[in-house]
Amino acid sequence: MGDTDNPADEQSVDGPSRRLFMKAAAAGVPIALAGCAGDVDDIERSGELLWGGSVPVQSLDPHFESAAATARVLENITQGLVRVNWDYELEPLLAESWEFSEDNTEVSFSLREGVSFHDGSEFTSEDVLASFERIDEREGLAADYMSRVESMDAPDDYTFEMVLTEPFAPLLSRMATSHMHILPAEQAEQQQGAFSEPIGTGPFQFESMEIDSEFVMVKYDDYWDDALPYLDKIIKNEVPDDDNRLNTFRSGELDFINDVPPRHAESLEDDPDIDFIERFPKSLVYLGVNCTEEPFDSRDARLALEYAIDKDEVMEAALYGQGQVAASPAAPDSEWEHPDLEPRPRDLEKAQEHLDAAGYPDGFEASFKIPQQYNDQVTAAQVIESQASEVGIDLDIQMITWSNWLSDVYTDQDFQATTSSYLGLWFPDAGFHRPLHSEGAFFFTGWEDEEYNDLIDSARLSYDIDERAPIYHEAAELLKERRSGHILLYWMPTLMARDTDVTGEIMSPDGSTFRFEEVQFE
């Protein structure tokens with residue numbers, strides 16, 4: 001990038017730079033032991049944290065719920081075998097260690113002993129086996145990652161073994177997400193949507209939830225790490241409106257809020273009574289079009305729309321300069337990012353040429369369904385609507401709730417154009433496979449390309465970054481040239497604010513979710 005003002009290039013007191021993160025993650029899966037920083041004698045081990053959340057928690061099933069708002073609470077309730085740490089390595093969690101065979105087709109996990117679920121039952125290898133079988137057999141969000149698993153075995157209570165049909169580089173990274181968290185075997189036997197209370201091994205346990213209103217989790221007294229957590233309770237108040245959430249925080253009714261409106265970032269950063277936190281990047285915002293229906297079943301129609309958009313203007317309006325225009329699904333400043341690929345610029349003459357080629361010389365009409373909870377996407381949509389109208393593309397903005405977006409747009413594919421985002425996770429499979437490969441867990445725009453699928457499939461076989469990175473670079477070129485169903489708009493940061501007496505890292509290292517086990521009141 002070369003831009004020294006880019007937060008991704010700065011060395012943070014809370015962790016290494018994004019570049020170091022990507023290099024470490026790309027190199028393999030080294031094991032590092034978790035540890036707690038600071039003087040334990042000075043830690044306050046009580047208190048209730050009042051959190052103002054931007055998007056309401058939906059379903060609580062880690063294997064099937066795709067919403068980031070759910071992952072943010074489940075990260076503290078359920079756990080996986082591994083997770084990413086601040087050295088940007090995969091560290092042991094419910095697994096104490098693991099070992100691959102020389103050909104990378106067999107892996108054996110040694111599981112942590114003395115761990116109990118929130119219902120009091122003991123954690124064993126049978127729970128791992130039942131959870132992974134549930135994901136595989138019932139087509140959970142990580143089911144495609146199980147497709148290369150030939151067999152699984154629990155030879156004793158604290159050993160779990162997997163045999164793969166071929167090497168599969170992203171598997172352990174995927175295990176570090178909530179979609180492969182471990183449930184007790186009894187709960188893992190239940191169907192999707194059959195339970196309302198997640199039972200995990202995490203530092204907090206579920207207490208209650210009122211849809212669109214409140215989510216409460218409390219300290220688990222028998223957590224396997226005796227030193228954690230520090231807080232007694234976390235109460236998440238659902239406050240979708242950005243200004244209302246910020247005003248409620250300023251009035252002292254909340255201790256912490258996420259998704260601070262970007263237009264207020266500068267004033268909060270200068271306020272000595274507020275701890276303002278920025279993490280970049282959090283997520284990639286895109287304009288999604290339905291490639292199975294007119295007009296966007298035509299590549300030329302998709303290109304016409306993209307050429308009509310000034311992405312810098314969209315980003316500036318939506319994020320007040322707090323983001324970065326996107327050129328590929330690879331996280332900025334990572335090894336996976338194409339070194340030379342640039343975003344497609346606005347060009348109204350080319351937009352008209354592609355309208356002519358698509359058979360829409362006078363433009364076309366399309367519905368534009370926008371999740372109203374995301375204020376930046378609402379603003380972005382309004383700018384895009386205005387820009388597109390200059391070449392006769394009439395986008396009819398329809399504000400819908402997030403729950404309706406999940407059901408109508410994502411699940412039923414009942415849309416022509418929309419906006420959404422996905423988390424900028426540290427491993428490239430998250431951006432290139434899950435939303436864009438036709439068998440990806442988050443695939444919904446209908447753009448299918450056999451050559452692209454083959455490229456991404458081949459990248460998954462290699463553990464060598466020097467071999468893998470050029471494959472993703474080629475895939476990014478193909479996405480742009482063939483104009484996939486994701487017109488990439490901008491990378492955005494997480495902007496948070498909290499009272500100065502709230503300390504401890506909240507954001508997870510890769511920016512995808514929150515961890516509250518070391519948060520405390522001074």
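Four strands make up an open sheet, in the order β4-β5-β7-β6, with antiparallel pairing. This is a predicted model: local features need pLDDT of at least 70, side-chain atom pairs count only at pLDDT 80 or more, and totals for chains, interfaces and linings use all residues. Residues are numbered from 1 along each chain as its sequence is written, and side-chain values use heavy atoms, with hydrogens and water left out. Helices (H or I, at least four residues) and strands (E, at least two) are DSSP runs, numbered from the N terminus. Two strands pair if DSSP finds at least two bridges between them.

**The open sheet and its helix**

- β4 (95-100) and β6 (149-156) are the edge strands, so named because each pairs on one side only.
- On average, neighbouring strands here are turned by 15 degrees against each other, direction ignored; axes are lines fitted to C-alpha atoms, for helices over the stretch in contact, and angles run from 0 to 180 degrees between N-to-C directions.
- Strand β5 (residues 106-111) runs antiparallel to strand β7 (residues 159-164), and five bridges join them. Look for S108 here: E161 in β7 stands opposite.
- Helix α3 (residues 125-137) packs on this sheet and touches β5, β6 and β7, where contact means heavy atoms within 4.5 Å. The direction of α3 makes about 160 degrees with that of β6.

**Helix α11, one side in and one side out**

- A351, H354, L355 and A358 are buried in helix α11 (residues 348-358); buried means under 20% relative accessible area, exposed over 50%, and partly exposed in between (1.4 Å probe, protein chains only).
- Those residues cover an arc of only 105 degrees around the axis, which puts them on the same side of α11. The arc is that of the directions from the helix axis to the C-beta atoms.
- As background, an α-helix has 3.6 residues a turn, so residues three or four places apart point the same way.
- What do the buried residues of α11 pack against? Their partners are α9 (299-307), β14 (364-371) and β15 (393-400).
- At the N-terminal end, D347 caps α11, with a side-chain oxygen 3.2 Å from the backbone nitrogen of E349.
- After α11 comes G359, whose phi is positive, near 90 degrees.

**β14 and its parallel partners**

- Seven of the eight residues of β14 are buried, so this strand is largely enclosed by the rest of the structure.
- β14 and β15 run parallel, joined by eight bridges, and S367 stands opposite D396 in β15.
- β14, helix α12 (residues 375-389) and β15 form a right-handed β-α-β unit: with the strands pointing away from the viewer, the path from the first strand over the helix to the second runs clockwise.
- β14 also pairs in the parallel sense with strand β16 (residues 417-423), over two bridges. There, F368 has A417 as its bridge partner.

**Strand β17 and its antiparallel partners**

- Strand β17 (residues 486-499) is mostly covered, with 13 of its 14 residues buried.
- Strand β12 (residues 274-289) runs antiparallel to β17, and 12 bridges join the two. L284 stands opposite W491 in β17.
- Two bridges join strand β13 (residues 324-325) to β17, again antiparallel, and here Q324 stands opposite W491.
- Strand β11 (residues 256-257) pairs with β17 in the antiparallel sense over two bridges; the bridge partner of F256 is R498.

Key: Polar contact = N/O pair within 3.5 Å; in protein donor to acceptor, adjacent residues only side chain to side chain.
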